[in-house]
Amino acid sequence: MDQNQRAPLRQRLVSWLILLLGGLYFFVPLIATIDFSLRARKGVLSVLAYQRVLSDPRFASAFTFSLEMALLTVVVGVILVVPTAYWIRLRLPQLRPVVEFVTLMPFVVPAIVLVFGLIRVFSRPPLLLTNSFTGTQILLVAGYVVLVLPYLYRAVDTGLQAIDIRTLTEAAQSLGAGWWVIITQIIFPNLRSAILSGAFLTITIVMGELTMASFLVGLKAFGPYMSQVGQNRAYEGAALAVISFALTWAFTMLFQFVGRRALGGDQAFGAR
Amino acid sequence: MSGNSSVPPAIPSFSEGRAAPAQPSPESPPHRARPGGGLMVWIGVAPFFIFAALFMLLPSFSLLVGSFRDTQGHFTLENIRSLFTPSILSAYSISIRISLTTALGGGLFGFLLAYAVILGGLPRWARDALLTFSGVASNFAGVPLAFAFVATLGRLGMVTVLLKTLGVDIYEIGFNLYSFWGLSLTYMYFQFPLMVLIIAPALEGLKREWREAAENLGASTWDYWRMVALPILTPSILGAIILLFGNAFGAYATALSLTGGLINLITILIGAQIMGDVLYNPGLGYALSFGMIVIMALNMAIYYILRRRSERWLRR
C-alpha cells in the first residue's frame with residue numbers, strides 16, 4: 001500500500017500498538033485454553049483430557065449428529081435459496097424487497113425467541129412435531145436454515161450477480177432445456193463456489209450451536225454436549241473448546257478461501 | 001444471535017430495491033424467458049415463502065398473539081403489564097446495558113484496529129491477517145468461548161494466576177468473570193472482530209481523491225477527518241454499532257455457559273421460561289419475547305435507514 005510511505009513513524013507505531021492489543025485479545029484466551037486443556041494430569045503437561053474426550057462415545061455421536069444437522073441445513077437451505085434467488089433475479093425483481101426483509105428476520109428475532117415460537121407452534125395439532133425425534137430434527141434444521149438464511153441468500157445472490165443468468169437461461173431454453181435442467185445443470189454448477197462458501201459458514205454456525213439444539217434435541221447435539229461436559233469436567237471442557245476452535249478456524253478459512261474466489265477477491269460487507 | 005452461538009457475522013447488504021407492491025400483478029415481470037406466464041411465475045418462489053410463513057412468521061406471530069392472551073384465551077394486557085416489574089425491567093436493563101457497552105467498546109476498538117491496518121501504514125499482510133482472524137473470532141462464540149474465558153480470567157485462569165504472581169489479585173479488587181464486566185469482556189471477543197469485518201470495506205471505500213482534494217484546498221488531516229471522512233463514515237459506523245448491539249442483545253449461549261444462568265439477562269429469562277422452571281405464567285414468556293422483538297425491530301429499523309444513507313457513498 002502506498003500509505004506505507006506516507007504514514008509518519010509515530011502513526012505507524014500507534015498502529016502496531018493497536019494491532020498488538022488486538023492480537024493479545026485474540027490469542028491469550030486461546031493460549032490459556034490450550035494450556036488449561038493440557039493440565040488434566042497433575043504437575044505435567046499431557047493430552048489426557050483429549051484422550052478422554054475422544055474416547056467418549058457420546059463425543060462421536062454428538063459430533064456426527066450435529067454434522068448431519070449442518071449438512072441437512074446446507075441441503076435444505078440451498079434448495080430453498082438457489083431457485084428463489086434465481087427466480088427473483090430473472091422474473092420477479094419486484095419481490096426482492098420482500099425476500100430481503102424475510103432473510104433479515106434472524107436479526108430481528110433472536111434464536112432464543114425463534115425456538116420458543118417454534119416450540120409453541122409445533123407442539124400442538126395441527127402442526128404437531130415436537131412429539132417425535134424426527135419431528136424435533138425437522139424443527140432444528142428449519143431453525144438453522146432461518147439462522148443462516150441471511151448469509152446463504154447473500155452468498156448465492158452475489159454469485160448470481162456475477163453470471164449472466166438471463167443469457168444463460170435464454171440460451172438453454174433455445175436449446176430446448178426445461179426449468180429443471182436449467183436449474184440443476186446450469187445455475188447450480190455456476191454457483192458452486194458461492195454455495196460452497198455458504199455451506200462452510202453454515203457448518204461453522206451450526207456445529208457448536210447451543211440455543212436451539214438444547215431446547216429441541218438436548219444432549220444429542222454437539223453444543224449441549226460440550227456444555228454439559230464443561231460443567232462437570234473442566235479439563236475436558238477446555239479440550240472441547242480447543243477442538244471446537246480448530247473446527248471454526250478450519251471452516252472459516254475454507255469459507256474465506258472459497259468465498260474470495262467466488263466473490264472475486266471482494267471482501268464484501270457480510271460475505272466474510 | 002450468536003452469542004447465540006452463531007454470531008451473526010455481518011449483515012448482508014442488499015442492493016436497494018423499489019418498494020414492492022403488495023399484490024404485484026403477474027403481468028409486471030419483463031416479457032422474456034417466459035416459462036408459462038400468469039400464476040406459474042409465482043410457483044417458483046412458493047417454497048421459499050411457505051417455508052418463511054411456517055418457520056418464521058407463524059412462530060413470531062404466535063408469540064405476539066400469546067402475549068396478549070390469558071390462559072383462557074381472552075384478550076388481556078396483563079402479560080405486557082407484568083413486564084414492568086422490577087426484576088424483569090432489570091433484566092431488560094442489564095441486557096441493554098451489556099449490549100450498549102460491548103457495542104460501543106467493540107465498535108471503538110474494532111474501528112481503531114481496522115483503521116490501523118488499512119490507513120495506519122501497516123504492511124498488507126497485517127490487514128489480511130486481521131480480516132482472517134476476525135472472521136474466525138466473530139464466529140467463535142457460545143459454549144467454547146465461555147470455556148476459553150474461564151481458562152483465561154476465571155479464578156484459576158491463566159491471566160488471573162499470572163497477575164496474582166505479579167501481586168495483583170483481580171478478584172480481590174472486585175473483578176468477577178461471572179458478572180456484568182466479565183460477560184462484557186467475553187462478548188467483546190466476538191464484537192470487535194465483527195466491527196472490523198463490517199467497517200473495513202467502508203474504510204477501504206474512502207477514496208484517495210477525496211483526501212487529495214481536501215489537501216489541495218488546504219485542509220489539514222484533522223480537517224479532512226472532521227469534515228470529509230467522518231461524515232461519510234458516520235452512517236456506516238452507527239449502522240455497525242447497531243448490528244453489534246443486536247448481536248449482543250440476542251446472545252444466549254455465551255451468557256448461559258459462562259454464568260450458568262445466574263446473570264439476569266432477558267434471553268436467560270426467556271430460556272428459563274421455556275424450561276418452565278422459574279416463572280409460572282406462560283403468557284409472560286410470550287410478552288418477554290415480544291419485548292425483545294420490539295427492541296430488535298427498532299434497532300433494525302434504524303440500521304436500515306442508516307444503511308441507505310451510507311450506501312450512497314460506497315458505490316464503487
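Helices are DSSP runs of H or I with at least four residues, numbered from the N terminus. The model treated in these exercises is predicted.

**Exercise 1. Describe the make-up of chain A.**

Step 1. Chain A has 13 helices and zero strands.
Step 2. The C-alpha trace of chain A spans about 75 × 65 × 35 Å along its principal axes.
Step 3. Of the 272 residues in chain A, 51% are buried.
Step 4. Take the contacts in chain A between residues at least 6 apart in sequence: 74% of them join residues at least 24 apart.

**Exercise 2. Find which residues have the most contacts inside the largest nonpolar core, then follow A:A238.**

Step 1. The largest nonpolar core holds 174 residues.
Step 2. The residues with the most contacts inside this core are A:V156, A:A238, B:L113 and B:I199.
Step 3. Helix α7 of chain A (residues 133-162) supplies the largest share of the core, with 16 residues.
Step 4. Leaving aside residues up to four places away in sequence, A:A238 touches A:T33, A:F36, A:S37 and A:A49, and also B:F147 and B:A151.

**Exercise 3. Describe the side of chain B that touches chain A.**

Step 1. Contacts link 88 residues of chain B with 90 residues of chain A.
Step 2. On the chain B side, helix α2 (residues 46-66) gives the most, with 12 residues.
Step 3. The residues on this side of chain B comprise 60 nonpolar, 25 polar and three charged.

**Exercise 4. Work out where in chain B the coordinates call for caution.**

Step 1. The model as a whole scores ipTM 0.86 and pTM 0.85.
Step 2. Chain B has a mean pLDDT of 83, and 84% of its residues reach 70 or more.
Step 3. Helix α4 of chain B (residues 86-119) has a mean of 94.
Step 4. Over residues 1-36 of chain B, pLDDT stays under 50, although the model has 111 contacts beyond four places in sequence for them.
Step 5. Where pLDDT is low, predicted coordinates should not be read in detail.

Conventions
Residues numbered from 1 in each chain as written. Chains lettered and ligands numbered in written order. Predicted model: local features only at pLDDT ≥ 70, side-chain atom pairs only at ≥ 80, totals over all residues. Contact = placed C-beta atoms within 7 Å. Helix = DSSP H or I, 4+ residues; strand = E, 2+ residues; numbered from the N terminus. Nonpolar A, V, L, I, M, F, W, Y, C, P; charged D, E, K, R; others polar. pLDDT = per-residue confidence, 0-100. Core = buried A, V, L, I, M, F, W, Y, C linked by C-beta atoms within 7 Å. Buried ≥ 20, exposed ≤ 12 C-beta atoms within 10 Å, placed from the backbone.
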